[in-house]
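Biologist: I would like to learn how to read a structure feature by feature. Could you take me through one, giving the general idea before each case?

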Amino acid sequence: MLIFDAHLDLAMNALEWNRNLVLPVDDIRNTEVGMNDKPDRGKNTVSLDAMRKGNIGICVATQIARYVKNTNPLPGWNSPQQAWAQTQGQLAWYRAMEQLGEMTQISNLTELNHHLELWDSNSDPKKPIGFILSLEGADSLFTLGHLEMAYEQGLRAVGPAHYGPGTYAFGTNSTGSIGERGRELLLEMARLNIILDVTHLCDQSFWETMKVYNGPVWASHNNCRALVNHNRQFSDEQIKELISRKAVIGVALDAWMMVPNWERGQSSPESMGVTLHTIIDHIDHICQLSGNSLHVGIGTDLDGGFGKEQCPGDVDTIADLQNIPQLLANRGYSQEDIENIMNKNFIGFLQETWKDS
Ligand SMILES: [Zn+2]
């Protein structure tokens with residue numbers, strides 16, 4: 001079954017982790033033997049090769065670069081201009097992957113439908129992975145003109161904030177208003193029909209955003225606060241609001257967001273019993289709130305700063321996502337429900353969003 005993954009930091013892995021994603025996952029691990037600059041060295045799960053093996057033919061791929069003021073302890077760039085340049089370097093990597101035939105950018109309905117036909121019909125084992133470009137944290141857009149420039153480069157979704165206070169909104173583990181700049185960004189995003197990714201917005205910024213923004217909304221990688229109580233997760237009220245806005249929520253495979261009481265660097269998938277089975281609970285929770293299977297999808301965030309040490313124990317590579325359909329079937333989901341969750345909800349969302357473009 002075709003899988004749509006709504007959140008992968010592919011260019012970040014290529015440029016900041018120095019991973020050659022053209023290689024099989026094992027070969028990338030071999031290049032990291034003996035490295036300990038990051039906790040997930042040698043434990044990566046994603047490569048373009050593994051995506052193809054797992055029939056993950058389409059994804060939302062990020063540009064990501066935070067600007068930090070010197071009072072902010074989070075890692076990041078010391079000016080928005082440096083952050084912009086970093087996102088442009090990431091774009092250059094995606095372009096290079098296109099030139100190799102490894103990836104293909106999808107930015108409108110025609111390209112989307114053409115790509116789906118290719119993956120439906122073509123038995124060529126080297127099909128390009130389709131990607132929709134998304135910006136995770138908008139600090140790098142140092143003028144609204146940069147949003148339009150990015151749109152022309154194919155940017156189709158924006159998450160205004162990531163971790164901590166941002167230029168346009170407050171993100172995870174912080175709290176505050178979107179302010180005038182956030183409001184202006186949202187109005188410009190609506191004018192350009194850019195998808196608002198509400199992932200990482202703090203509660204206050206989330207609810208303010210819901211009042212201001214009238215364009216398309218999704219949550220690319222978010223789990224349920226009812227199951228794991230943390231501000232990074234959505235409350236039932238937030239999920240209901242998203243359902244009323246026809247959003248799709250992608251569930252994430254970051255272990256600390258899947259089970260309560262995970263301690264980073266201490267807990268292991270084995271000690272906490274985290275498997276792909278665990279994510280079915282989050283999927284099911286969203287389906288119970290909506291009364292159908294139409295508002296949830298997969299947004300793994302695999303290799304989003306963590307690897308095998310912090311993802312489901314039965315995921316060796318991203319290709320193992322192909323085990324999710326059977327787990328859903330075991331839980332009583334019909335074939336139609338399973339297809340909705342694995343690809344149709346996000347694809348249908350894009351087809352609806354782009355129908356007039
Ligand atoms: Zn994220």
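Modeller: Gladly! Let us start with burial: a residue counts as buried when its relative accessible area is under 20%, and as exposed when that area is over 50%. Please keep in mind that this is a predicted model.

Biologist: Are phenylalanine 206 and phenylalanine 234 buried or exposed?

Modeller: Phenylalanine 206 is buried, and phenylalanine 234 is too. A search of the whole structure gives 7 aromatic pairs, and phenylalanine 206 with phenylalanine 234 is a tilted one, at 5.3 Å centre to centre and 50° between the planes. Rings whose planes are over 60 degrees apart would instead count as edge-to-face.

Biologist: Which parts of the chain does that pair link?

Modeller: Distant ones: phenylalanine 206 belongs to helix 8, while phenylalanine 234 sits in the loop between strand 7 and helix 9, 28 residues apart. For an edge-to-face pair, look at tryptophan 218 and phenylalanine 346, with 5.4 Å centre to centre and 85° between the planes. Tryptophan 218 is in strand 7 and phenylalanine 346 in helix 13, so this pair ties together parts 128 residues apart in sequence.

Biologist: And why do tryptophan 218 and phenylalanine 346 count as buried?

Modeller: Tryptophan 218 counts as buried because its relative accessibility is 0%; phenylalanine 346 does so at 2%. Ring pairs also join Phe4, Trp218, Phe346 and Phe349 into a cluster.

Biologist: How should I think about the nonpolar core?

Modeller: In soluble globular proteins, nonpolar side chains tend to be buried together. Here the largest nonpolar core has 105 residues, and Leu10, Met51, Val198 and Ile283 have the most contacts inside it. Helix 13 (residues 335–353) gives the largest share of this core, 7 residues.

Biologist: Which residues does methionine 51 touch?

Modeller: Leaving aside residues up to four places away in sequence, methionine 51 touches Leu8, Leu10, Val46, Ile56, Cys59, Ile129 and Ile318.

Biologist: Now to helices. What should I check in helix 4?

Modeller: Begin with its span, for which the expected value is 1.5 Å times one less than the number of residues. Helix 4 (residues 80–100) has 21 residues and reaches 31 Å from its first C-alpha to its last, close to the expected 30 Å. Next, ask which way its residues face: the buried ones include Trp84, Leu91, Trp93, Tyr94 and Met97. Viewed down the axis of helix 4, its buried residues fall within an arc of 170°, so they line one face of the helix. Gln99 and Leu100, on the other side, are exposed. Just after helix 4, glycine 101 has a positive phi of about 80°.

Biologist: How do I read the metal site, and which residues coordinate the zinc ion?

Modeller: Start with the donor atoms, but remember that water is not among the atoms, so sites may look incomplete. The zinc ion is coordinated by Glu136 (OE), His200 (NE2) and His221 (NE2), at 2.1 to 2.2 Å. Along the chain, these donors have the spacing E-x63-H-x20-H. Histidine 200 lies in the loop between strand 6 (195–197) and helix 8 (203–212), and histidine 221 in the loop between strand 7 (217–218) and helix 9 (236–244), so the pair ties together parts that are 21 residues apart in sequence.

Biologist: Finally, where is glutamate 111?

Modeller: Glutamate 111 is in helix 5 (residues 109–121). With a relative accessible area of 31%, glutamate 111 is partly exposed.

How values were computed
Residues are numbered from 1 along each chain as its sequence is written. This is a predicted model: local features need pLDDT of at least 70, side-chain atom pairs count only at pLDDT 80 or more; totals for chains, interfaces and linings use all residues. Side-chain values use heavy atoms; hydrogens and water are left out. Helices (H or I, at least four residues) and strands (E, at least two) are DSSP runs, numbered from the N terminus. Buried means under 20% relative accessible area, exposed over 50%, partly exposed in between (1.4 Å probe, protein chains only). The arc is that of the directions from the helix axis to the C-beta atoms. A nonpolar core is a set of buried Ala, Val, Leu, Ile, Met, Phe, Trp, Tyr and Cys residues joined through side-chain atoms within 4.5 Å. Contact means heavy atoms within 4.5 Å. Donors are N, O and S atoms within 2.8 Å of the metal (3.2 Å for Na, K and Ca); water is not among the atoms, so sites may look incomplete. Rings of Phe, Tyr and Trp (its six-membered ring) pair if their centres lie within 6.5 Å; planes under 30 degrees apart count as stacked, over 60 as edge-to-face and the rest as tilted.
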